[in-house]
Amino acid sequence: MFKATIDADILKTAIETLSVLVDEARFRISPEGMSVRAVDPANVAMVSFELGSSAFDEFSADDCEIGMDLSKINDIFSVAGKDEKVIMELDEMSQKMSLHLGGLSYTLALLDPSTIRAEPRIPQLELPAEVVLNGKELQRAVKAAEKISDHMLLGIDGDVFYMEAEGDTDRVRLDMARDKLIDMKVGEARSLFSLDYLSDIVKPASRSNEITIEIGKDFPVKISFSIANGAGKVGYLLAPRIESD
């Protein structure tokens, strides 16, 4: 059993955090809320997502697992008004989800969860450096880097967090000293990442006033932030590109 009512904008944002990496996902639903863990097809990036029951106006659920085509959900929410509510109801017999949105009623066939890639194990990394900043600052650096290169460096130099990209002839760098950051834990950190992935991740992250970036030296980066006024959590793990000498 699953029936819930939620702001369309909250659910749209939640789905987007997943769909930047995967086209379909297994949703684990429980009385406490819903969660997803997924890895992109190239095994370069992972996403973990939790949306607690407090994010919903109404939420009733038993433990279950459903598979959803995220592109279909995104198409539906493209017609949603900002302040509209979505009512979701699972028909377990037919394995279909009913969505009621602003007078529109949709019936969606669900995917068999066993046909969707199994949940990845999220590695427990203790990364030495951490910065907390506004999502718009990361987006600004990524957009600037895209004009120059396919990759971007994230690192710590003294008390400065930097984001840098270098092409064949040009270079761009954004420095953020400690006093320009919300918080900072200094440590040895310098890793290179694909801008294809960073550009996708920064789309939902840029809406957050506070994102946490954990980095090391040639280690994956962890990017995390809250959604739904703190009732939801999103985390990305992106593998580095190892620099050639």
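Colleague: How many aromatic pairs does a search of the whole structure find?

Modeller: The model is predicted, and side-chain atom pairs count only at pLDDT 80 or more. With the whole structure searched, the number of aromatic pairs found is 3.

Colleague: What is the geometry of the aromatic pair that Phe2 and Phe59 form?

Modeller: The ring centres of Phe2 and Phe59 lie 5.7 Å apart. Ring planes over 60 degrees apart count as edge-to-face. The planes of Phe2 and Phe59 are 65 degrees apart, so the pair is edge-to-face.

Colleague: Which parts does the pair of Phe2 and Phe59 tie together, and how many residues apart are they in sequence?

Modeller: Phe2 and Phe59 are both buried. Phe2 belongs to strand E1 (residues 2-7) and Phe59 to strand E5 (residues 58-61). The pair therefore ties together E1 and E5, parts whose separation in sequence is 57 residues.

Colleague: Which residues form one aromatic cluster?

Modeller: Phe2 and Phe59 form an aromatic pair. Their cluster also takes in Phe56, and its members are Phe2, Phe56 and Phe59.

Colleague: Are Phe225 and Tyr236 buried or exposed?

Modeller: Phe225 and Tyr236 form a tilted aromatic pair, with 6.3 Å from centre to centre and 35 degrees between the planes. The pair links strand E17 (residues 221-227), which holds Phe225, to strand E18 (residues 232-238), which holds Tyr236. As to their accessibility, both Phe225 and Tyr236 are buried.

Colleague: Over the ring of which residue does the charged end of Arg173 sit?

Modeller: The charged end of Arg173 lies 4.1 Å from the centre of the ring concerned. That ring belongs to Tyr162.

Colleague: Which element gives the most to the lining of the second largest cavity?

Modeller: The second largest cavity has a volume of about 30 Å³, and Gly67, Met68, Asp69, Lys72, Ile73, Leu108, Ala109 and Leu110 line it. Two or more residues of this lining come from each of E6, H2 and strand E9 (104-109). By class, the lining divides into 5 nonpolar, 1 polar and 2 charged residues. With 3 residues, the element that gives the most is E6.

Colleague: How many residues of helix H4 are buried?

Modeller: Helix H4 spans residues 195-205 and is mostly covered. Among its buried residues are Leu195, Tyr197, Leu198 and Ile201. Of the 11 residues of H4, the number buried is 8.

Colleague: Which residue caps the N-terminal end of H4?

Modeller: At this end of H4, a side-chain oxygen of the capping residue lies 3.2 Å from the backbone nitrogen of Asp196. The capping residue is Ser194.

Colleague: Why does Thr17 count as buried?

Modeller: Thr17 is found in helix H1, and a polar atom of its side chain lies 2.6 Å from the backbone oxygen of Ala14. A residue is buried if its relative accessible area is under 20%. Thr17 counts as buried because its relative accessibility is 0%.

Conventions
Residues numbered from 1 in each chain as written. Predicted model: local features only at pLDDT ≥ 70, side-chain atom pairs only at ≥ 80, totals over all residues. Heavy atoms only, no water. Phe/Tyr/Trp six-rings, centres within 6.5 Å; stacked < 30°, edge-to-face > 60°. Helix = DSSP H or I, 4+ residues; strand = E, 2+ residues; numbered from the N terminus. Buried < 20%, exposed > 50% of the residue type's maximum accessible area, 1.4 Å probe, protein only. Lys NZ or Arg CZ within 6 Å of the ring centre and 35° of its normal. 1 Å grid on protein atoms, 1.4 Å probe; cavity = no way out; pocket = protein on both sides within 12 Å on 5 of 7 lines; lining within 4 Å. Points joined across faces, edges and corners; volume = space filled by probe spheres on them. Nonpolar A, V, L, I, M, F, W, Y, C, P; charged D, E, K, R; others polar. Polar contact = N/O pair within 3.5 Å; in protein donor to acceptor, adjacent residues only side chain to side chain.
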